[in-house]
Amino acid sequence: MEMPEIEPVATKRQVWNAGRTVGAKRALKPKQIWEIRFYLNQRRRLRDRALFDLAIDSKLRGCDLVQMKIGDLVSGGQIRTRAIVMQQKTGRPVQFELLPDARASLLAWLERRGGTVDDYVFPSRVDHNGHLSTRQYARLVDEWVTGVGLMRSEYGTHSLRRTKASIIYRATGNLRAVQILLGHSKIENTVRYLGIDVEDALALAENTEI
């Protein structure tokens with residue numbers, strides 16, 4: 001005797017990204033950069049201002065940023081104008097510039113922080129021998145962006161990594177230069193990371209007269 005076929009009952013599973021904003025986080029605009037700097041200055045948060053400026057200029061991933069040591073940034077008692085770090089994700093070195101605003105805020109922070117060249121620039125408040133965690137860095141970024149009226153769901157640590165790269169690309173259209181600055185091994189990664197689309201390409205073409 002054949003048993004009647006029983007249709008399987010569909011179980012309702014929650015989608016992994018339910019209620020979350022998915023996709024690349026927005027880069028900051030120059031006006032928003034200065035708003036965050038003003039916000040941090042008003043509250044005399046030397047560490048956060050130095051961390052923010054270093055994140056913008058270095059264009060580093062959060063995991064590389066928080067593990068920087070004083071010796072990576074300081075030479076002969078001065079903040080370097082250029083620095084180099086080895087990226088965890090790729091195992092490749094990447095260089096970056098430190099402009100006057102970043103050098104000034106880093107110097108102010110390090111004068112207060114003290115330490116040796118072997119110490120982390122941003123130590124953990126739990127373990128002073130360790131460094132600031134990437135989770136805590138992400139929490140700080142959330143606090144900064146909401147402090148100036150931006151949506152936390154639209155910005156994150158990658159916003160700071162993308163900011164200067166996006167500004168440079170839109171000003172120059174030099175994708176290869178941006179690839180080098182971000183430390184990407186493939187230019188396709190840079191295209192995806194910046195969110196370059198047909199409109200961007202056409203806008204650059206329209207501004208180029210032959």
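Strand 3 and strand 4 form a hairpin with 6 residues between them, and Gly 91 in the turn has a positive phi of about 70 degrees. The model is a predicted one, in which local features need pLDDT of at least 70, side-chain atom pairs count only at pLDDT 80 or more, and totals for chains, interfaces and linings use all residues. Residues are numbered from 1 along each chain as its sequence is written, and side-chain values use heavy atoms, with hydrogens and water left out.

Strand 3 covers residues 82-86, and strand 4 covers residues 93-97. The two pair in the antiparallel sense over 5 bridges; strands count as paired if DSSP finds at least two bridges between them. Within this pairing, Met 86 stands opposite Pro 93 in strand 4. In a regular strand the side chains alternate between the two faces of the sheet. Strand 3 has a covered face with Ala 83 and Val 85, and an uncovered face with Arg 82, Ile 84 and Met 86.

Asp 72 is placed in helix 4, residues 70-73, and its C-alpha atom is separated by 6.5 Å from that of Ala 83, 11 residues away along the chain. Residues up to four places away in sequence aside, Asp 72 touches Arg 80 and Ala 83, where contact means heavy atoms within 4.5 Å. With a relative accessibility of 28%, Asp 72 counts as partly exposed (buried means under 20% relative accessible area, exposed over 50%, and partly exposed in between, with a 1.4 Å probe and protein chains only).

Stepping back, the protein chain holds 10 helices and 4 strands. Both kinds of element are DSSP runs numbered from the N terminus, helices being H or I with at least four residues and strands E with at least two. From the N terminus on, the order is α-α-α-α-β-β-β-β-α-α-α-α-α-α. Of the 210 residues in the chain, 38% are buried. Among contacts between residues at least 6 apart in sequence, 60% join residues at least 24 apart.

The axes of helix 1 and helix 2 come within 9 Å and cross at roughly 160 degrees; axes are lines fitted to C-alpha atoms, for helices over the stretch in contact, and angles run from 0 to 180 degrees between N-to-C directions. The two helices are therefore roughly antiparallel to each other (angles under 35 degrees count as roughly parallel, over 145 as roughly antiparallel, 65 to 115 as roughly perpendicular and the rest as oblique). Helix 1 passes helix 2 in a left-handed crossing, a term used if the near helix is turned anticlockwise from the far one by less than a right angle, with right-handed used if clockwise. Ile 33, Ile 36, Arg 37, Leu 40 and Asn 41 of helix 1 make this contact with Asp 48, Arg 49, Phe 52 and Asp 53 of helix 2. By class, the contact has 4 nonpolar, 1 polar and 4 charged residues (Ala, Val, Leu, Ile, Met, Phe, Trp, Tyr, Cys and Pro count as nonpolar, Asp, Glu, Lys and Arg as charged, and the others, Gly among them, as polar).

Helix 5, residues 100-113, packs with helix 2 at about 140 degrees, the axes lying 8 Å apart. The crossing of helix 2 and helix 5 is left-handed. Among the residues making this contact are Leu 46, Ala 50 and Leu 54 of helix 2 and Leu 106 and Trp 109 of helix 5. In total, the contact divides into 7 nonpolar, 1 polar and 6 charged residues.

Arg 44, in the loop between helix 1 and helix 2, has a positive phi of about 55 degrees although it is not a glycine. Lys 59, in the loop between helix 2 and helix 3, is likewise not a glycine and has a positive phi of about 60 degrees. Arg 44 is exposed, with a relative accessible area of 70%, whereas Lys 59 counts as buried at 1% relative accessibility.
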